[in-house]
Amino acid sequence: MTEDNDLLLQQFFSEAAKEQVADNGFTERVMQQLPSRINWFVRLWTWCCVAVFAVLFVVFHGWELLAMQLEVFLRTLTVESFTFNPLVFATALFGLLFVGVGEVLLSEKSTY
C-alpha cells in the first residue's frame, strides 16, 4: 500500500517539477537580493586552507620533496616507472581537498 502511494507521489512530483511558472525573472531577482551569509565564510575557508597548505609545505620542506621527486622521475623515466612518495601525495591531496571544499561551497551559493 505504501509503495503504491510512494510511486504515485513520485510520479506527481516528477510531472510537477517539469512545469515552469512564468514570473518574468522575479524569482531570480529576489534570490539575488537576499543577503549572502556564506560568501564571507567561503573566502575565509579558502584563505585558511591556503595558509594551512603553505605552512605544511614549509614544515615538510615541500620544495625539496618536489625537487627530489622530479629528479627521481626524470632519471628513472627511461628505466622504469616513476616512484611514489606518499608524503608528497598526501600533502597535495590535503591542499586540493580543503580548497576544493571551499570551491564546492562557493558553487552551491552561486546556484541560488
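Is Arg75 buried or exposed? Select Arg75 and look. Arg75 is exposed, because its relative accessible area is 62%, and the cut-off for exposed is over 50%. Keep in mind that this is a predicted model.

**Whole chain**

Zoom out and colour by secondary structure. The protein has 5 helices and 0 strands. Read from the N terminus, the elements run α-α-α-α-α. Now colour by accessibility. Of the 112 residues in the protein, 11% are buried. Then turn to contacts. Take those between residues at least 6 apart in sequence: 64% of them join residues at least 24 apart.

**Helix α4**

Select residues 62–76, which form helix α4.

Which residues of α4 are buried? Highlight Gly62, Leu65, Gln69 and Thr76. Look down the axis of α4: these buried residues fall within an arc of 80°, so they line one face of the helix.

Side chains of opposite charge can pair when their charged atoms come close.

An α-helix has 3.6 residues a turn, so residues three or four places apart point the same way.

Check the cover on each partner. Glu71 counts as partly exposed, at 42% relative accessibility. Arg75 is exposed, at 62%.

**Leu66**

Move along α4 to Leu66, which also sits in this helix. Leu66 is partly exposed, with a relative accessible area of 44%. What does Leu66 contact beyond its neighbours within four places in sequence? Select Phe57 and Val88: Leu66 is in contact with both.

Now draw a line from Leu66 to Asn85, C-alpha to C-alpha. It reads 9.7 Å. Along the sequence, Leu66 and Asn85 are 19 residues apart.

**Asn85**

Centre on Asn85. This residue is in the loop between α4 and α5, and α5 covers 86–110. Asn85 is buried, because its relative accessible area is 18% and the cut-off for buried is under 20%.

Show the side chain of Asn85. One of its polar atoms lies 3.1 Å from the backbone nitrogen of Leu87. Then look for partners further along the chain. Setting aside residues up to four places away in sequence, Asn85 touches Leu65, Met68 and Gln69. Leu65 and Gln69 are among the buried residues of α4.

**Ala51 and Gly95**

For the last stop, select Ala51 in helix α3, residues 38–59. Ala51 counts as partly exposed, at 40% relative accessibility. Along the chain, Ala51 and Gly95 are 44 residues apart. Their C-alpha atoms are separated by 9.7 Å.

How values were computed: Residues numbered from 1 in each chain as written. Predicted model: local features only at pLDDT ≥ 70, side-chain atom pairs only at ≥ 80, totals over all residues. Heavy atoms only, no water. Helix = DSSP H or I, 4+ residues; strand = E, 2+ residues; numbered from the N terminus. Expected span 1.5 Å × (residues − 1). Buried < 20%, exposed > 50% of the residue type's maximum accessible area, 1.4 Å probe, protein only. Arc of directions from axis to C-beta. Contact = heavy atoms within 4.5 Å. Polar contact = N/O pair within 3.5 Å; in protein donor to acceptor, adjacent residues only side chain to side chain.
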